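Subject: Structure for your review

Dear colleague,

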Amino acid sequence: MLASHAFVVDACRHVVRDESTVVSLAKRPVLFALARALGEAWPADVQRDTLVARAFGIRSSPTNRIARGLRVEVGRLRKVLRTLADLSATKRGFALVPRRASEVVVLARPVEEEHAAVLAFLVDGESWSSSALALALGTSQRTVQRALDSLAAAGKVQSFGRGRARRWMTPLLPGFTTTLLLPAPLPD
């Protein structure tokens, strides 16, 4: 994908690129949020309210000050992406128009949530202790415990055991066998 002729909004590396130019927006999260929203909607435009919500996290209708802030940030994004794309104003909002590319692609992580790294270790059905997860993730055990508590409250993980013997795993899906119940390979 990175070698194609497409205009790529890479959410893994926080860059915007085409076949010859790479623009990093890693230190400019508002600009990247705008670029991603515009890339996801391409070739259509994105409403101003949606752009405000994605860039600034504001869900209500924008005030004059917020609308001005959006125009300022869109102007900054235009300046940063001037060699790659243009941002055209529409009646509803803004649209992304790549200069050299014929299509726009957005690359994103498979799971984009707050505790995705913890969930990724648990998704295979194996049980983990919080200390083992902390070691695997390179973070503190307390941070992992907070993440597990949050995921458990959302019903995404479950625990069994108590104290040091407590283990965490994702809930089993009904109708699927566990690895212990799979039959052994048949002899030749």
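Predicted model: local features only at pLDDT ≥ 70, side-chain atom pairs only at ≥ 80, totals over all residues.

The protein has 188 residues, of which 32% count as buried. Its secondary structure consists of six helices and nine strands. When contacts between residues at least 6 apart in sequence are considered, 49% of them join residues at least 24 apart.

**Helices H1 and H3**

Helix H1 covers residues 29-41, and helix H3 covers residues 64-80. The axes of H1 and H3 are 10 Å apart, and the angle between them is about 80 degrees. Angles of 65 to 115 degrees count as roughly perpendicular, and H1 and H3 are therefore described in that way. On the H1 side, the residues that take part are Val30, Leu31, Leu34, Ala35 and Leu38; they meet Leu70, Glu73, Val74, Arg76, Leu77 and Val80 of H3. Sorted by type, the residues of this contact are nine nonpolar and two charged, with no polar residue among them.

**Helices H5 and H6**

A second pair is formed by H5 (residues 130-137) and H6 (residues 141-153), whose axes come within 8 Å and cross at roughly 115 degrees. H5 and H6 are therefore also roughly perpendicular to each other. The crossing of H5 past H6 is right-handed. H5 contributes Ser130, Ser131, Leu133, Ala134 and Leu137 to the contact, while H6 contributes Gln141, Val144, Gln145 and Leu148. This contact of H5 with H6 has five nonpolar residues, four polar ones and no charged ones.

Which residues of H5 are buried? They are Ser130, Leu133 and Ala134. These residues lie on the same side of H5, because they cover an arc of only 100 degrees around the axis. The elements that cover the buried residues of H5 include helix H4 (116-122), helix H6 and strand S9 (167-169).

Ser130 is worth a separate look. This residue belongs to helix H5 and has a relative accessible area of 10%, so it is buried. Apart from residues up to four places away in sequence, Ser130 touches Gln141, Val144, Gln145, Leu148 and Trp168. After H5 comes Gly138, which has a positive phi, near 70 degrees.

Val157 sits in the loop between H6 and strand S8 (158-160). Is Val157 buried or exposed? It is buried, with a relative accessible area of 4%. Val157 and Pro171 are 14 residues apart along the chain, and their C-alpha atoms are separated by 5.9 Å. If neighbours within four places in sequence are set aside, the contacts of Val157 include Leu119, Leu122, Leu148, Leu151 and Ala152, and also Trp168, Met169, Thr170 and Pro171.

Met169, one of those contacts of Val157, lies in strand S9. Its relative accessibility is 12%, and residues under 20% count as buried, so Met169 is classed as buried. Between the C-alpha atoms of Met169 and Ser159, which are 10 residues apart along the chain, the separation is 6.4 Å. With neighbours within four places in sequence left aside, Met169 is in contact with Leu122, Gly125, Glu126, Ser127, Val157, Gln158 and Phe160.

**Two points of backbone geometry**

Most residues other than glycine have a negative phi, and most peptide bonds are trans. Two places in this model should be read with that in mind.

What is the phi of His14? It is positive, about 55 degrees, although His14 is not a glycine. His14 is found in the loop between strand S1 (7-10) and strand S2 (15-17). With a relative accessibility of 30%, His14 counts as partly exposed.

The other place is the peptide bond from Trp42 to Pro43, which is cis, with omega near 5 degrees. Pro43 is located in the loop between helix H1 and strand S4 (46-47).

Yours sincerely,
A colleague

Methods. Residues numbered from 1 in each chain as written. Heavy atoms only, no water. Axes fitted to C-alpha atoms, helices over the stretch in contact; angles between N-to-C directions. Helix = DSSP H or I, 4+ residues; strand = E, 2+ residues; numbered from the N terminus. Parallel < 35°, antiparallel > 145°, perpendicular 65-115°, else oblique. Left-handed = near helix turned anticlockwise from the far one by under 90°. Contact = heavy atoms within 4.5 Å. Nonpolar A, V, L, I, M, F, W, Y, C, P; charged D, E, K, R; others polar. Buried < 20%, exposed > 50% of the residue type's maximum accessible area, 1.4 Å probe, protein only. Arc of directions from axis to C-beta.
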